[in-house]
Amino acid sequence: MKRTFTCIVCPNGCEIDAEYEGSRVISVTGNLCPKGKTYVTQELVDPRRTIATSMRVDGGELPLASVRLTRPIPKDRIFDVMAEINRHSLTAPVAIGDVAVPDILGLGSDVIVTKNVARA
Amino acid sequence: MMHEQAVIVGGGPAGLAAALRLREKGVKDILILEREHKPGGILRQCIHDGFGLMRFGESLSGPEYAQRFIDRVEEAGIRCITDCTVLDITHDKLVTAVSRNLGLLQIQADAVLLTMGCRERTRGALATPGTRPAGVYTAGVAQSYINLQNVMVGREIVILGSGDIGLIMARRLTLEGAHVKGVYEVQPYPSGLPRNIEQCLNDYHIPLHLSHTVVDIRGRERLTSVVVAQCDERFRPIPGTEEEIPCDTLILSVGLIPENELSLAAGVELDARTRGAFVDEHYQTGVPGIFAAGNVLHVHDLVDFVSLEAEALADSAAEYLLCGSLPECSLEVKAGSNVGHVIPQRFSATRSFTLSLRVRQPLKDVSIVVRQGEKEVLRKKMRKALPAEMIQLPIKAEKLIPGVELEVSAE
Ligand code: SF4
């Protein structure tokens, strides 16, 4: 089978023409680096993404702190993870790198704070 | 009146990077003036990741990327006045500003660094017909509401324009539970980066309609629907193709414009193509001692390049401050076939510099060729070149012929 992928690993966004059988990649063309092939293989077997969102901060100078995942999660779990993040809130102060939710839904990825929010 | 060696107008990614580099080069009196309550610029609301891949080799969110620079600026003891709006800059580099805490400020600078960034094109500038109901936002304003103020803008969303912020917002709104019905782009190709089309639209099954625009906006107090239509190659709506789409929110992502009112006040001449200043290879504008880099000069696709450009600016500005002048740049860099614009527009042919450009339309299997007269200075083969992507080429001094103009074309 043949399919064209857009590699999202870096801003080059290479358009990769891939030939594959099931989850086995036979050939790739158009990738500027080897990560493109890894990406295609991963997309065929288990597509993963990171997400970024915000969490409420109680008692902060800002109402929200931005957060992101430390590792990609299966694409079809994105909305489960969003719902889980939205069940939590933070208390000021928070700092970049603070773990807001460890190992979210047992998926092996932490939710970490990406903005410093001081106490109001 | 205060006196500073360097006044930096705007504490976003360009201003912060320039300040740090100036300090590294030995410039002592540096003052950053920032309009908002905190430095960081637009990055503060760009909470998605993907920043810093080039610079730090990791995928950071906007606030994290900004904080790395803010921390270093603080450590270096560089002064930054926030809540401070610059009102005027003169040709002689007298900067007038008003600060919430300090009142009116008059600062005589030896060098002024323009790093004000850009702003969004608005609906008014686009002259979209129809009534003026609530529920119409630019992508950046919607982003600020959601990411900074915790205010959700709507539920049923249509996006006009496929700029990167619009694509990022399509995903963000979807994650927050809204239904993004589609993105409509008047051009026959997307204006955002391919990776954003993939990870912000395709991942969430949001349709992208190329060669389409919004021809009517309906609703009395709140938006109730928009009418979209297909467009011909001259962007005129084709009669009979109209379709009404019920929605409560229209997001505009129709382009960014460098914010240059202050540059004009200082007598800086602007390039109609970039809407930013004409600069030489030192990022010096037509006014000696006034420099510009980042999105105020030309709209970038990646913040990593903004930081790099600001650092290159600071290298030159430091030389200007410490040596008193910079080599003259009297030769023109011309945008040839298929090239929309080039930065810098002038060079000296005695030093190496980075040439930035964008192509006019998507091109496949193309070469970007830099020539002086008949002589080829550089040729870069590309499998694809897109208007969405800024292309940068290193121009080496030893390859340049003295006294001959450069022309860049995509062929
Ligand atoms: S293939 Fe390599 S260069 Fe191309 S987008 Fe993927 S990671 Fe970037």
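**Ground rules.** I am working with a predicted model, where local features need pLDDT of at least 70, side-chain atom pairs count only at pLDDT 80 or more, and totals for chains, interfaces and linings use all residues. Residues are numbered from 1 along each chain as its sequence is written, chains are lettered from A and ligands numbered from 1 in the order written, and side-chain values use heavy atoms, without hydrogens and water.

**Domains.** I looked up how chain B is divided: domain 1 (1-121 + 255-326), domain 2 (122-254) and domain 3 (329-411). These bounds come from an automatic or database domain assignment.

**Where domains 2 and 3 of chain B meet.** I found their C-alpha centres 34 Å apart. Five residues of domain 2 of chain B are in contact (heavy atoms within 4.5 Å) with eight residues of domain 3 of chain B. Together the two domains bury about 420 Å², with 72% of it on carbon and sulfur atoms; buried area is the accessible area (1.4 Å probe) that two parts lose on being put together, summed over both. On the domain 2 side, B:Tyr189, B:Leu193 and B:Pro194 lose the most area to domain 3 of chain B, together 82% of what that side buries. I noted that the touching residues of domain 2 of chain B are three nonpolar, two polar and no charged; Tyr, Leu and Pro count as nonpolar, and Gly as polar.

**Around the ligand.** Which residues surround the ligand? I listed A:Cys7, A:Val9, A:Cys10, A:Asn12, A:Gly13, A:Cys14, A:Asn31, A:Leu32, A:Cys33, A:Lys35 and A:Gly36, each with a heavy atom within 4 Å of it. This shell divides into six nonpolar, four polar and one charged.
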